[in-house]
Every structure is written in C-alpha cells, then in structure tokens.
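Thanks for asking me to look this over with you.

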Amino acid sequence: MKCSQCGVTNESSNHFCKQCGNNLQQINCQQCGSGMKADSAFCGSCGTPRQAASPAEPSGNAAVPPAAVIPPAATLPETAAPAPGDANTAPAAGPDAPSVPSLSKAPAQPLPSLSKGPELSETPATPETPAEPEAAADSSATVPAQASPSQSGVKKNKLWMWIATAAAAVVIIGLGAYLFTSKDSSPVVKDEQASAAASGEQKADEAPAPKGLKLSIDAIDASSYPTIKVKLAVEEGSGDADLTSGQVAIKENTVDQKTAEVTANTADKTFEVVYDTTVSNSNPPNGEQRVVDLAIGDNKLSESYKSPSQKKLHIDDVSYNTDQYPKVNVYFSLYDENNQLVEDMNTVKTAFTVSEGDKATSNATFSKLTEKPQAISTNLVIDVSDSMSEDNKLAKVKDAATQFLSHASFASNDVVGLMSFSDASNIRQSEFTTEIESIKNTIAGMQTSGCTALYEALNQAVSNTAYNAVEGSKYVVVFTDGKNTICDGTNWVSPSTVINNALQWGVPIYAIGVEEDADLQQIAEQTNGKYHVLGNDFTDLNAIYSDIYANKKKQYVITYDSSVADKSPRQVDIKMNGANLYSKASAMVTPKLLDNRQVSEAMQNYQIAWSQAMNAHSMDPLLPYITTTTNTKDKSSVFNIVDVQINGDIQPGGTRTGGLVNLRTEYGEYVNYAIPDYKLVSAKKISDDRYQLRVEKRVRRDALLLVNHNQAALGLYDPLTTFKETAYTYNVVKSNGAWKVSTVEDDEAVPVCYVDASYQEKYVRDDRKSSKTSGNCPGAASNER
C-alpha cells in the first residue's frame with residue numbers, strides 16, 4: 001500500500017507508514033482537508049465526494065498541510081516558549097514545567113467540550129492554520145464572500161473541530177514534554193547540579209585568586225624548623241595585587257599544610273608565606289628532602305628544601321607512677337650529646353609518640369613536670385652503722401643532708417621522708433611530710449650502732465616510698481660508707497629482690513657510696529637511678545643531693561590511659577621526633593599490683609621471718625606473721641607446713657620424724673637459709689579481709705652434707721650452696737586486726753635447684769636424678785614453703 005503522505009510503499013498489513021508515520025487507513029478530503037477513511041465515498045465533514053489524487057499530487061492536496069504526527073515523548077523537539085497571552089498556550093504543570101509550542105493562532109474564544117465536537121480521527125490533523133475551502137472543479141477558485149447557510153454551518157463545525165483539536169494537541173504535547181523532562185532529570189544530574197551549586201557557594205566564601213599576579217619561589221628558609229618560611233618573588237610585568245593566607249594552598253610531601261600568615265614587602269616586591277610543617281623527619285637525625293607545592297591562583301609553584309639535622313638526645317632517669325591506674329605517669333630527663341640536661345624543650349612543637357607493648361597510645365599528653373600539679377617524693381636513706389662513727393662520717397653526712405633540705409627549692413606539695421638503718425632491727429622510717437624542719441630535727445638525733453643491713457633497708461625504703469599517698473615522681477637517695485653485711489644471718493635481702501620491687505613500683509634508687517660497690521652500682525643503674533662514688537672528701541655531698549633533686553624538677557612527664565586490660569609488665573616506648581630534637585627510649589612498666597600496703601608488708605615480713613624460723617629451728621620468729629591452727633590435718637596451713645619442715649612429721653604415737661632439727665642432731669647436717677628473693681606476679685582481692693597473692697621465690701641454702709649417712713667414714717663434702725626456685729599462691733587474711741599469711745594453694749610448679757649464683761647449672765644427685773625430676777634439693781626438707 002502506497003502512503004498518501006510520502007509515497008513510500010508499505011506492507012498491506014501496516015496501519016501506519018513506516019517512513020513518516022502517516023495513517024494509511026485514511027486520506028485527506030480535497031475540499032476541506034479533513035481526514036477520512038480510505039474506503040469512505042464522501043467526506044464526513046463537508047460531504048464532498050472522494051476524488052482520486054492526481055498524479056501530480058501523490059501526497060494529496062498540495063494546498064492542505066499533511067496531518068501532523070505527534071512524535072514519541074523521547075523525540076519531542078525543544079521549541080521556544082509561547083508568547084504571553086497566546087490563547088493556545090498550555091497551563092504550566094509546575095515550577096519546572098517545560099514550554100510547549102503554539103500550534104495555531106486562532107482567535108481567542110471559549111473552547112467547546114471535546115465530547116460535543118465532531119468525531120476525531122485516531123491521529124488528529126494539526127495544520128498551522130485551518131485550510132480554506134476550494135472549488136471542487138477549479139483549484140484556483142476563491143472562497144465566495146457570503147457562504148450559503150448550509151456551507152456556513154459546515155464551516156462553523158469545521159472551525160470548532162479545529163479549535164478542539166488544537167486544544168487537545170496542546171494538552172497532550174505539554175504533558176508529554178513534562179514527563180520527558182522529568183524523566184531525564186535523573187538523580188545523577190540533580191546531584192551534579194546540587195554539587196555545582198554547593199561548589200559555587202564554597203568558592204564564593206573563599207578569597208578570589210589574585211589575577212595577573214605572576215610569582216616564583218625565591219627561597220625556602222627552614223632555620224626555625226618546624227616553622228617554614230617561603231619567599232615569593234613577583235615577576236616582571238606582573239600586575240599588582242594583594243596576597244592573603246586564604247589565597248595560598250600549601251602541600252609538603254603531598255600533605256596539606258595550614259598557612260600561618262602571609263606578609264608583603266613592597267620595597268623588593270616579595271611576599272613571605274609562613275607555615276608550621278606537620279611532616280616529621282623519618283630519617284633522623286640527618287634531615288631529609290622535602291617538596292613544597294604552592295597553588296596561588298594561576299601560579300603552580302614547586303620547590304624542595306632539606307629539613308635541618310636534628311640534635312640527637314637521649315632519654316634517661318625514667319620512672320613511673322601507676323597509683324591511679326589505668327592512668328600512667330612516665331617521668332624522664334633529656335640529655336644532649338654532652339650529657340647536659342635539656343631544660344627548654346618546647347613540648348608544643350616537639351612531636352612525641354608513645355606506645356605500650358605493640359599498641360600506640362592516642363591520648364598521651366606531654367609537659368614539664370613543673371607544669372603539672374604533681375609532687376616529688378624524696379626519701380633520704382642514711383647509713384648509721386658502727387662504721388659511720390669513724391672519721392666523723394655521720395656528722396658530715398648529717399650536715400650535708402641538713403644543708404640540702406635548707407637550700408633545695410621544694411615546691412609547696414613536695415614531700416620528704418627520712419630513713420636510718422644499721423642492722424635489720426634498727427630501721428627507722430619517718431612519715432613523708434612537707435614539714436622540712438621536723439626532718440632536720442630527726443637527722444640531728446641520729447646515732448651509730450650495729451652492722452649494715454643495706455639491702456633490707458633499701459627494700460623497705462622502696463616500699464615506703466611507693467606507698468606514700470602523694471601522686472607524682474618518687475625516688476630514694478641512699479648514702480652508705482660500706483657494703484651490705486649479714487648480721488647474725490638474719491638480714492640477707494638480695495640485690496635482685498631490691499631491684500624487682502623498685503622496678504615493680506617505679507621507684508628509682510640514687511646511691512652514694514664512699515667506695516666502689518658493684519652490687520650497689522647495679523641496684524642504682526638497673527632501677528633507672530644513678531650511682532655516685534664520693535671517696536673520703538664529703539664536700540661534694542650536699543651538691544650531689546641538690547643536683548639529684550634539681551634534675552628531678554627539670555624532668556618531663558607523659559601521662560596516658562593504659563589500653564592493656566591486665567596489670568602485666570609491658571614495655572613502654574617513648575619517641576621524640578620533631579623540632580630540631582630527636583630521641584627514643586624504652587622502659588619496662590609494671591603497674592602496682594597491690595594497692596594495700598599492709599598486705600604487701602605482711603608478705604615481706606613473712607618471707608623474712610620464714611628464713612629466720614628455718615635457721616633457728618623454731619616456729620617463734622614466724623608466729624607474729626602467720627595464723628595458727630589446731631587442725632593438724634590441714635595440709636594447706638602455712639603453720640602446719642613450716643612446722644613439719646622444722647620439727648618433722650607427727651607420727652601416730654606423737655613422735656616426730658625428719659625435719660631440720662632431726663637432720664642436724666642425727667646426721668650432723670645443717671642448712672643455712674637466706675631470705676628469699678621474691679617477686680609478686682599477681683594480686684587478687686577476694687574480700688576486704690582476704691587477698692590472694694601469687695609469688696615467685698628463689699631461696700639460697702648453704703648446706704653441709706654427709707656423703708652417706710650410714711657410712712660417715714667416707715667423709716664430708718664441703719658446704720654446698722644451692723638455689724631453689726618455686727612459685728606459690730598465698731592467702732593473706734586479716735586476723736585480730738593484723739594482716740597475716742594463712743594458707744598456701746597447691747601448686748603444680750616443680751621446684752628447680754641450681755648450684756651456682758648465675759642460676760645456670762642445675763644440681764644432679766648421686767642417683768643421677770636431677771633435682772627438677774625429684775622435686776627436692778640436697779640439704780632441704782621435701783615440702784618447703
């Protein structure tokens with residue numbers, strides 16, 4: 001079937017032309033141009049008989065525009081909005097409704113109801129203007145001035161039909177265009193529009209980039225590192241413009257930097273851009289190359305500089321306080337290459353990092369100790385043994401200590417304690433106080449007597465210092481003229497016990513000796529203190545006291561909240577990498593496991609009394625520190641355990657067998673026990689009247705052993721020194737107002753014995769069984785506690 005519109009041949013089954021979309025089932029009337037079905041004999045509008053199209057007009061009447069075809073919404077052309085007042089303008093569908101084209105310019109008049117108009121074809125024709133009627137026989141004939149009544153009615157109907165058609169087309173096209181526009185406005189497009197609007201608002205807030213200003217980087221000055229100064233030169237032919245910090249974007253090593261200020265020098269036409277770099281040296285202390293990128297309007301500038309070499313410092317005199325755990329205070333001093341204190345460190349511009357174990361802390365604060373409302377606790381420990389009466393030593397020490405107390409610039413909250421010691425029974429500790437005059441009076445009354453129980457005095461001094469209630473840096477400073485001596489075999493506390501407790505409580509020991517002492521030096525250095533050898537010239541003693549305290553006042557403090565759940569020992573790493581200073585250090589920090597000082601002292605007193613009871617072969621020294629029991633079958637009772645060790649097992653008849661008493665009387669064997677080295681590894685509060693303490697112990701025994709008890713003639717070995725390591729869990733209870741050791745839990749730990757002080761060579765019995773296998777050591781009862 002040939003299309004009457006474009007002449008293209010279509011399939012007979014087609015309803016519309018595949019080329020132009022014309023309705024193939026209708027043709028246009030040659031008289032009035034109205035659409036009519038292809039098989040109709042007369043026009044439904046004007047009644048004109050259907051005539052075959054002339055060969056010259058294959059598309060129908062040339063004077064009549066072809067029927068308009070409404071394209072799909074997706075292909076509607078964008079047209080100009082109708083002029084105001086146009087009668088055929090479609091009403092707006094909303095604030096964003098698109099404009100629609102004017103389809104006709106018919107006179108404005110009320111539109112009739114579409115239901116009352118002529119029957120519309122499926123696709124109404126939409127000519128720009130209504131076609132004028134023509135003479136059927138003569139195409140050149142004109143319309144008469146006065147139409148007949150019948151023709152007038154036809155024309156009126158025709159006019160109303162065109163108006164209704166145009167109105168319907170306007171509504172349909174307007175609705176289609178609106179849907180088309182709404183559909184295309186996808187969220188992405190809207191987001192882009194919103195983003196563009198927001199960007200415009202943001203740019204409006206920023207200072208406009210200087211126009212016509214041509215700049216170059218003249219120099220970069222890092223002499224005041226980490227403050228960096230960039231000098232910008234204005235190039236020849238550049239326009240004049242001001243420059244503000246808001247117009248300068250800086251990156252250093254691709255890291256955004258905040259501009260501090262921009263100043264102009266009109267004399268030489270330069271600008272200076274100043275900022276504080278946030279990039280820390282990664283390769284201290286030699287500095288490293290940095291790249292500075294500046295964006296200023298159209299100026300994209302780049303230049304490099306080398307960060308200055310850093311002074312490598314060292315961190316020393318580290319101590320800590322865990323009284324308010326999980327808050328931890330770490331105190332330290334900074335020294336330069338010449339071992340001089342660094343006092344003027346700018347903590348604001350110095351970058352510190354602190355890590356605890358493998359976890360970096362995020363809430364650490366750094367300051368000078370003087371900026372914190374924390375005190376310094378100084379415990380003066382003075383040897384008053386008999387040897388101090390020689391050469392007037394005690395008088396010299398008393399004078400130096402008094403001068404120190406008079407001249408030291410103690411802060412209002414700093415406290416001082418005083419301990420004097422000779423033998424184990426003559427250790428006197430005053431309360432920590434801010435009343436310096438009372439301390440002076442105590443010093444004045446000191447007298448000499450007894451031997452030198454140095455390690456036991458230090459152990460108690462560390463405990464007393466740690467448990468004083470003042471928060472802050474705490475330390476012990478001890479003066480002695482001699483070495484530790486064993487007074488009647490009852491006061492041997494080893495250096496390792498002193499070191500363990502000092503480290504656990506974060507209390508360093510500063511030691512001053514008249515002569516070299518390797519053990520005293522080890523105690524001082526391993527507890528993060530210092531060791532001084534005075535010699536016989538006591539004139540420097542006051543200066544040493546003063547320097548120790550003054551250095552403490554110049555320390556820095558790091559405060560952080562621990563992220564470690566338990567109170568186990570952990571390594572704390574401190575690193576300073578900023579300004580022109582660099583340093584790093586590590587320290588082992590053990591939070592105070594036991595907050596109850598009385599319980600701690602009860603355990604310490606028990607350890608001392610246990611060794612005294614074992615050596616005296618009597619329960620009497622131990623009775624004040626343990627609970628007694630009437631139940632002889634209670635094998636967890638410390639009383640029963642030690643009683644069996646000393647006196648032997650009770651037989652059914654009431655006799656005793658074994659025990660240290662019988663070993664000596666029957667076989668001539670004796671064992672001398674030292675006070676155990678002990679370390680508290682855990683503490684648990686069960687109730688207000690009961691604590692559970694896990695303690696690791698190492699005991700030294702000097703034993704004279706018979707080779708064979710039945711063959712004494714074979715002779716005796718020389719005294720054999722052994723060391724036995726054990727671990728026990730004690731229950732400490734409040735009994736009659738005092739804390740005492742009650743019971744000990746069963747323990748699966750196997751004791752290990754050694755024959756040398758380095759704890760490396762294990763003892764092997766004559767039967768070739770090691771002491772670790774047998775659970776016993778030579779010269780000792782089998783069930784020691």
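The points below take up the cores and then the strands.

1. A word on the source: this is a predicted model, so please read each point with that in mind.

2. Let's begin with the largest nonpolar core, which has 62 residues. Leu458, Ile509, Tyr606, Val642 and Leu693 have the most contacts inside it. Helix 9, residues 597-616, gives this core its largest share, with nine residues.

3. Leaving aside neighbours within four places in sequence, Val642 is in contact with Tyr606, Trp610, Met614, Met619 and Leu622.

4. There is also a second, separate core of 35 residues. Among its members are Ile376, Leu380, Phe479 and Ile548.

5. Is strand 23 mostly covered or mostly uncovered? Five of the six residues in this strand (556-561) are buried, and the strand is mostly covered. Strand 23 pairs antiparallel with strand 13 (residues 327-335) over six bridges, and Lys327 has Asp561 as its bridge partner. Strand 23 also runs antiparallel to strand 16 (residues 365-368), with four bridges between them; here Phe366 is partnered with Ile558.

6. Next, look for an open sheet of five strands in the order 11-25-24-14-15, where the pairing is mixed.

7. Lys575 stands opposite Lys584 of strand 25.

Terms used. Residues are numbered from 1 along each chain as its sequence is written. This is a predicted model: local features need pLDDT of at least 70, side-chain atom pairs count only at pLDDT 80 or more; totals for chains, interfaces and linings use all residues. Side-chain values use heavy atoms; hydrogens and water are left out. A nonpolar core is a set of buried Ala, Val, Leu, Ile, Met, Phe, Trp, Tyr and Cys residues joined through side-chain atoms within 4.5 Å. Buried means under 20% relative accessible area, exposed over 50%, partly exposed in between (1.4 Å probe, protein chains only). Helices (H or I, at least four residues) and strands (E, at least two) are DSSP runs, numbered from the N terminus. Contact means heavy atoms within 4.5 Å. Two strands pair if DSSP finds at least two bridges between them.
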